[in-house]
Amino acid sequence: MSYASPLEARIAKKVTKASIDYGLIEDGDRIMVGLSGGKDSWALMQVLDQLQRRAPINFSLVAVNVDSGYEDFQHGTVKQACDARGWECHIEHTSIGDTMDDLLAANATPCSLCARLRRGVLYRLADNVGATKIALGHHADDFIETLLLNLFFEGSLKAMPARLVSDNGAHIVIRPLVYVSENDCREYTKAVGLPVIGCCCPACGDLSLQRQRIKRLLLDLERENPGVKHSMLRALANVAPRHLLDSRLNPVAELISRAGAPRQAGDLAPDIGALLQIRVPS
């Protein structure tokens, strides 16, 4: 069975590779897709549907849309589009919007809190629908942007995993679009005629938000150095822990042991003192 377009074939190939690389989709899985109605989650639902028809393994899909409670959110449009394509779909109405208004400070960015609240809802719904995995529509650009956001503003070197087991071990979150660009998601959703809707959050599209600033930075970098985003994504899978400063990755005692010194970590003080006496030639 051939794909509808070269774009669809390319995206399907990348999602298949991600699944193989990280063990995302397995025989017998019931995958719950977090379907926000945005371009990325539509692209994810569409390509998983196409892969389900072709894959040598059996897995089922159920779409779940979390309505945050904002006025004018078009959850009916999401349900109609799913029904028209024969996709199982559940709409969950919540008051996340009001909850954030109560918890956030006046100038705080709502996106991270909203994501955590929605994630909690998805975990609960996964149990209700019998899902073995929760699929989210984060694409390659999201991974790179998250890396830079944490690096620049949080003082941590991390992005997001393609496969994540929840802290209590009860849920598995997968991100099959890890190798797919945001632009391909946008073009794919447009090509297959799926209705993109906004979340109706007042902060949606605010160009002053940190993530939007990072997007602009990456756009400029990619324009000047084509392929830089691909290089950054590769870097996330090519980590050299010994070249970082985190002592949890490089305990001092182990570093001494590697060097063949039979001393304890506490014996470093005299050496450091001696080093301080060394004069650099002028």
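Where is K229 placed? K229 sits in helix α9, the run of residues 228-235. The model is a predicted one, in which local features need pLDDT of at least 70 and side-chain atom pairs count only at pLDDT 80 or more, while totals for chains, interfaces and linings use all residues. Residues are numbered from 1 along each chain as its sequence is written, and side-chain values use heavy atoms, with hydrogens and water left out.

First, the overall picture. The protein comes to eleven helices and six strands; these are DSSP runs numbered from the N terminus, with helices being H or I of at least four residues and strands E of at least two. Of the 282 residues, 38% are buried, where buried means under 20% relative accessible area, exposed means over 50%, and partly exposed is in between, using a 1.4 Å probe and protein chains only. As for contacts (heavy atoms within 4.5 Å), among those with a separation of 6 or more, 72% are between residues 24 or more positions apart.

With a relative accessible area of 25%, K229 counts as partly exposed. Neighbours within four places in sequence aside, K229 touches D141, I144, L218 and E222. Its C-alpha atom is 9.5 Å from that of S181, a residue 48 positions away along the chain. R234 is also found in α9, and its relative accessibility of 52% makes it exposed. Between the C-alpha atoms of R234 and Y179 there are 9.8 Å, and the two are 55 residues apart along the chain.

Next comes helix packing. Two packed helices are described by the angle between their axes and the distance between the axes. Here the axes are lines fitted to C-alpha atoms, for helices over the stretch in contact, and angles run from 0 to 180 degrees between N-to-C directions. Helices α6 and α9 have axes 10 Å apart and pack at about 75°, which makes α6 roughly perpendicular to α9. Angles of 65 to 115 degrees get that label, while those under 35 count as roughly parallel, over 145 as roughly antiparallel and the rest as oblique. On the α6 side, the contact is made by A140, D141, F143, I144, L147 and L148, and on the α9 side by K229, M232 and L233. By class, that comes to seven nonpolar, no polar and two charged residues. Nonpolar covers Ala, Val, Leu, Ile, Met, Phe, Trp, Tyr, Cys and Pro; charged covers Asp, Glu, Lys and Arg; the others, Gly among them, are polar.

Helix α6 (residues 140-154) also meets α8 (residues 210-224): their axes come within 10 Å and cross at roughly 110°. That puts α6 roughly perpendicular to α8. In this contact, D142, I144, E145, T146, L148, L149, F152 and F153 of α6 face Q210, R211, I214, K215, L217 and L218 of α8. Eight of these residues are nonpolar, two polar and four charged.

Finally, the structure holds three aromatic pairs, meaning rings of Phe, Tyr and Trp (its six-membered ring) with centres within 6.5 Å; planes under 30 degrees apart are stacked, over 60 edge-to-face and the rest tilted. One of them joins W42 and W87, with centres 6.4 Å apart and planes at 40°, so this pair is tilted. W42 belongs to helix α2 and W87 to the loop between α3 and β3, so the pair ties together parts 45 residues apart in sequence. Both W42 and W87 are buried. Another pair, F152 with F153, is edge-to-face, at 6.3 Å centre to centre and 90° between the planes. F152 is partly exposed at 47%, and F153 is partly exposed at 35%.
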